[in-house]
Amino acid sequence: MAGLKVAAGKAGEIVKDGASRTRKVMHKGRIDLVTETDLSVERMLKEELSGLLPGSDFLAEETAKDTEPGELTWIIDPLDGTTNFAHGLPFVANSIALWHRDRIVLGVINLPLMGELFTAIRGQGAFLNGLPISVSEEVSLERCLLATGFPYDIETYLEPVLAHLKRLLPLTQGIRRPGAAALDLAYVACGRYDGFYENALNAWDTAAGLLLVQEAGGLVSEFDATKPYAFGADEILATNGRIHEELSGHLCGD
C-alpha cells in the first residue's frame, strides 16, 4: 500500500499542477471530455504501477479500456470528474484499484484538490488520511442524504433518471450530484452520504470505491438488492446497508 499511496500522491500533484494552468479540453463525445491532465496521470500511473507489480496489466479509461481483468490487473480512472476539472470545480478524483484473480484487493481514491486520500485493503478496513472510516448508521430514509450521477448518454437514461428523482426527493433529506462517482462512493464509505445510485458506470469508475464501501461496512449491488454488483452491470447501488433494501425497492419501482 505504501507504494500505491506514493503513486496516488504523484497523480494528485499532476492534477494540482493542471488545475493551475489553462486546461486543454478535447471531446470523446458530446459531453464526454478528456484533458491533457487525464492522459498525463494515466501514463504516469501505468509506469509507476508496473514497477510495483511487474507483469501486471491495466484496465484504464483512456488507453486500455477493453482489457479483461486477469491475474493481476490495475483498474485506473486517472481523473474522475473531468468535466468538473475542465470548469475549475474541485470535485475530482484519482481512482486506482488492484484486481487479483476474481476480486478487488486494494483500492485508493485520491481527492487531490480537497486534500483527502481514501484507502482500503480487503479484510483490513477502510481509511481516510490514515484514520479508520465507516458507513453511517442512519436507518430512516427521510433522514438520509443520497447521491447520484447522470450518464453521458443522458438521452437514453433521461426518463428513469427523472423518475428516480421524482420518487426519492420527497422521501429523503436531499440528493447530491457532484459529478464524480469515485468521490460519491468514497463519501458513502465515510458516512457523508447514506447511499449512492447511478446507471451506466464503468469498472474504472467503481472499482476502488466498491472496495471502500465494503470495507467500511456498507453494501453494494445492482438496483435490485438481490443481484450482486459486477463490472459491466448497468446499475450500481451502494449504501450503509441499513437502507439498502428500502432504497432498492424505490429504485426498482416497488
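## A walk through the sheet and its helices

Begin by selecting β10 and β12, two strands that run parallel and are joined by 3 bridges. Leu146 of this pairing stands opposite Gly195 in β12. A strand here is a DSSP run of E with at least two residues, a helix is a run of H or I with at least four residues, and both are numbered from the N terminus. Two strands pair if DSSP finds at least two bridges between them.

Before going on, note that this is a predicted model, where local features need pLDDT of at least 70 and side-chain atom pairs count only at pLDDT 80 or more, while totals for chains, interfaces and linings use all residues. Residues are numbered from 1 along each chain as its sequence is written, and side-chain values use heavy atoms, with hydrogens and water left out.

**Next, the whole sheet.** Select the 5 strands in the order β11-β10-β12-β14-β13: they form an open sheet with mixed pairing. At the edges are β11 (174-176) and β13 (219-221), and each has a single partner strand, so one side of each has no neighbour in the sheet. From one strand to the next, the twist averages 20°.

**Zoom in on β12.** Gly195 has Thr239 as its bridge partner in β14, and Phe196 has Ala238. How many residues of β12 are buried? The count is 5 of its 5, so to speak a mostly covered strand; buried means under 20% relative accessible area, exposed over 50%, and partly exposed in between, with a 1.4 Å probe and protein chains only. Gly195, Tyr197 and Asn199 point one way from β12, while Phe196 and Glu198 point the other way.

**Now show the helices across the sheet.** Helix α4 (residues 154-168) lies across β10 (145-148), β11 and β12, at about 160° to β12. Helix α5 (residues 181-189) lies across β10, β12 and β14, at about 155° to β12. Axes are lines fitted to C-alpha atoms, for helices over the stretch in contact (heavy atoms within 4.5 Å), and angles run from 0 to 180 degrees between N-to-C directions.

**Last stop: α1.** Select residues 2-19, a helix of 18 residues. Its buried residues are Leu4, Ala7, Ala8, Ala11, Gly12, Val15 and Gly18. Among the elements they pack against are α2 (36-52) and β4 (72-80).

Terms used: Expected span 1.5 Å × (residues − 1).
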